[in-house]
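Reader: I have a structure I'd like to go through with you. Can we take it piece by piece?

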Amino acid sequence: MYAFLIAISYIFYLPKTGKKDLGYVYVIDHMEENLDKLKEIKVGKKVSARILKDIKNNPQLHGGSILTTEAMKKYFREFYNDLESNLNYYIPKLGKNLVELLTVKKANSTYCQGFRSKYGDDLPLYLVNSYKTAAEYFEVIENRTTSVIVPYGRGEDIITELTGNGSIDDLTKLLKQAQQYTVNLYSQEFEQLAKNNGIVSLFDGKIYAVTEGAYSNKFGINVNNDSSLNDLIV
């Protein structure tokens, strides 16, 4: 949830006294943010912005706050309406959707129809739903990322050592240490970095690192691979 996870105001505990106090969180709509590859987040942002705008224009709407049950119901109703076509979770490899695997009736199951066509008899099972197959193909968050080591702190030395000719024992040790300095890039980020010569391929593409220009200690990954120049600008 784009806006509801980032409440405009929230209760927190003061570290010294342990007492509750009121704090504020600001929601920033960055003009350069590109969510074309993150459809769910893009829809959540759109719905949240609409609700925030409604309350700004009329403080009585949606219970007067984004934290009300009314506002949250509206958020989820509009969110799922916008994503309705994707909620069946289509599986390209099977040519079926997840809902069909879990709920299809025996008479409509293509698997049962295939069995009948091949053996001339009905499938001798009471339940024909493909729960195991559905579990194998379902991903809560699709893993379309690539891990890269960044030249931050000890990470810079690790990248240098990985480009050397160390032993297998050294490699195992370095890779374990590198986990602390590894970030995951979405495919579009990785491709853009590679296009801008910001990716270093190690061990025949089994390990990836980014160049110094592709990482800023202030802002993190820079797909333009020009952080070295930007960090010099005050």
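Author: What follows is a short talk through a predicted model, beginning with the whole chain and moving to single residues.

Reader: Fine. How many helices and strands are in the protein chain?
Author: The protein chain has nine helices and 10 strands.

Reader: And what share of the residues is buried?
Author: Of the 234 residues in the protein chain, 28% are buried. The chain exposes about 17000 Å², and 53% of that comes from carbon and sulfur atoms.

Reader: What about contacts between residues 24 or more positions apart?
Author: Among contacts with a separation of 6 or more, 47% are between residues 24 or more positions apart.

Reader: Let's go to helix 2. How many residues does it have, and how far does it reach?
Author: Helix 2 runs over residues 69-82, which is 14 residues. From its first C-alpha to its last it reaches 20 Å, close to the 20 Å expected at 1.5 Å a residue.

Reader: Which of its residues are buried?
Author: Ala-71, Lys-74, Tyr-75, Glu-78 and Phe-79 are buried in helix 2. Viewed down the helix axis, the buried residues fall within an arc of 125°, so they line one face of helix 2.

Reader: What covers them?
Author: Helix 1, residues 39-57, is included in what covers the buried residues of helix 2. On the face turned away from the buried side, helix 2 carries the exposed residues Thr-69 and Lys-73.

Reader: What does its side chain pair with?
Author: The side chains of Lys-74 and Glu-78 are joined by a polar contact of 2.4 Å. Glu-78 is also in helix 2, and at 15% relative accessibility it counts as buried.

Reader: Switching topic. Which residues make up the largest nonpolar core?
Author: That core has 11 residues in all: Ile-149, Ile-158, Ile-159, Leu-162, Leu-171, Leu-174, Ala-178, Tyr-181, Leu-202, Ile-207 and Ala-209. Helix 6 (154-162), helix 7 (168-178) and strand 8 (207-210) each supply at least two residues of this core. Apart from it lies another core, of 10 residues, with Val-148, Phe-190, Ile-199 and Val-223 among them.

Reader: Take Ala-209. What is it in contact with, neighbours within four places left aside?
Author: Ala-209 is in contact with Val-148, Ile-149, Ile-159, Gly-198, Ile-199, Val-200 and Leu-202, leaving those neighbours aside.

Reader: Back to helix 6. Which residues are buried there?
Author: In helix 6 the buried residues are Gly-155, Ile-158, Ile-159 and Leu-162. They cover an arc of only 100° around the axis, which puts them on the same side of helix 6.

Reader: Where is it, and is it buried or exposed?
Author: Asn-197 is in the loop between helix 8 (187-195) and strand 7 (199-202). It is exposed, with a relative accessible area of 61%.

Reader: And what is the phi of Phe-203?
Author: Phe-203 has a positive phi of about 55°, and is not a glycine either. It lies in the loop between strand 7 and strand 8, and at 37% relative accessibility it counts as partly exposed.

Reader: Last one, Gln-192. Where does it lie, and what does it touch?
Author: Gln-192 lies in helix 8 and is partly exposed, with a relative accessible area of 36%. Not counting residues up to four places away in sequence, Gln-192 touches Val-223 and Asn-224. Its C-alpha is 9.4 Å from that of Asn-225, 33 residues apart along the chain.

Notes: Residues are numbered from 1 along each chain as its sequence is written. This is a predicted model: local features need pLDDT of at least 70, side-chain atom pairs count only at pLDDT 80 or more; totals for chains, interfaces and linings use all residues. Side-chain values use heavy atoms; hydrogens and water are left out. Helices (H or I, at least four residues) and strands (E, at least two) are DSSP runs, numbered from the N terminus. The expected span of a helix is 1.5 Å times one less than its number of residues. Buried means under 20% relative accessible area, exposed over 50%, partly exposed in between (1.4 Å probe, protein chains only). The arc is that of the directions from the helix axis to the C-beta atoms. Contact means heavy atoms within 4.5 Å. Accessible areas come from the Shrake-Rupley method with a 1.4 Å probe; for residues, only the protein chains shown count as cover. A polar contact is a pair of N or O atoms within 3.5 Å; within protein, one must be able to donate a hydrogen and the other to accept it, and residues adjacent in sequence count only if both atoms are side-chain atoms. A nonpolar core is a set of buried Ala, Val, Leu, Ile, Met, Phe, Trp, Tyr and Cys residues joined through side-chain atoms within 4.5 Å.
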